[in-house]
Amino acid sequence: MRITVFGAGGAAGSRIVAEAIDRNHQVTAVARDATRFAALHPGARHVIGDALNPDTVAALSSGQDLVISATRPAPGQEQDLPDTARALLAGLSRTGVRLILLGGAGSLRLPGEGERTVVQDPDFPADWRPIALACNEQLAVCQADGHVDWAYLSPAALLEPGRRTGTYRVGTDELLVDADGNSTISMEDLAVAVLDEAEHPTHHRTRFTVGY
C-alpha cells in the first residue's frame, strides 16, 4: 500500500511508520519540522507538511491508498485536534482517500457505568481534561462528515512506549479493561492495530478501540 502518515515524528506516529515499513508498505512520513525526521525509519519518504492545511492534505494524499493521522498538539494548542480533523476531511474529500485517525480515550464509556465516559469520571486527572475534551470534539467532527471513509481509533486509557506483542483486543465505544480493571496498550501494539485496520478495513465512518 501507499500510505501517508501525518504526525509521523511523534511517539505513536514514528512507531506506525516503522510498523508500516516493516510490512513492506510505501510510506510518506509527514512532520511539521525536519528535526523530527531523525526519529523516523530511514525507509520512509520524509516530507515537511502541515495537516492543518487542506491543500497540503490533498497534495500528499493524491495517489495514495490511505492516510493515517497521529498528530498531537503542544500543551495549550489542543484546539489543533478538531481543526486538524476538519482539514484532513476537507483535503481527503478531494482525493477520495481513506483516513485512519488516532484519537483519544476520553469519550469511551466506562464499563458498568451506563453512559458515563472516561473524561466524566470524578477521578479523571484535571491536567488531562483539555486534551481529552479536544479529542471528543475531534471525534464529533468525524461523525459529522458524510464524505470521507474514515475510522477513528481510541486507544486504551494508558498508552505508553513498550514492546510489540502483536496481540490486542478490539472494541467499539466502551473502554477495554483487563481482569484487574486496567486499560492499557503499548504504542508498538497500537501501531500493529492501526496497520491491521489498514490492511483489512473493518471500520468505516465509525470509532473503534483497542487494548489488552
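1. Just after helix H1, Asn 24 takes a positive phi of about 70 degrees. Helices here (H or I, at least four residues) and strands (E, at least two) are DSSP runs numbered from the N terminus. The model is predicted: local features need pLDDT of at least 70, side-chain atom pairs count only at pLDDT 80 or more, and totals for chains, interfaces and linings use all residues. Residues are numbered from 1 along each chain as its sequence is written, and side-chain values use heavy atoms, with hydrogens and water left out.

2. H1 itself covers residues 11-22, with 12 residues. From first to last C-alpha H1 reaches 17 Å, close to the 16 Å expected at 1.5 Å a residue (the expected span is 1.5 Å times one less than the number of residues). Buried positions in H1 are Ala 12, Gly 13, Ser 14, Ile 16, Val 17, Glu 19, Ala 20 and Ile 21; buried means under 20% relative accessible area, with a 1.4 Å probe and protein chains only. The cover over these residues includes S1, S2, S4, S5 and H5, where contact means heavy atoms within 4.5 Å.

3. The sheet is open and mixed, with 8 strands in the order S3-S2-S1-S4-S5-S6-S10-S8. Two strands count as paired if DSSP finds at least two bridges between them. S3 (45-48) and S8 (169-171) are the edge strands; each has a single partner strand, so one side of each lacks a neighbour in the sheet. Neighbouring strands are turned by 25 degrees against each other on average, direction ignored.

4. S4 (residues 66-69) pairs with S1 (residues 2-6) in the parallel sense over 4 bridges. Thr 4 has Val 67 as its bridge partner in S4, and Val 5 stands opposite Ile 68. S4 also pairs with S5 in the parallel sense, over 4 bridges, and there Val 67 stands opposite Leu 99.

Definitions and conventions. Axes are lines fitted to C-alpha atoms, for helices over the stretch in contact, and angles run from 0 to 180 degrees between N-to-C directions. Buried means under 20% relative accessible area, exposed over 50%, partly exposed in between (1.4 Å probe, protein chains only).
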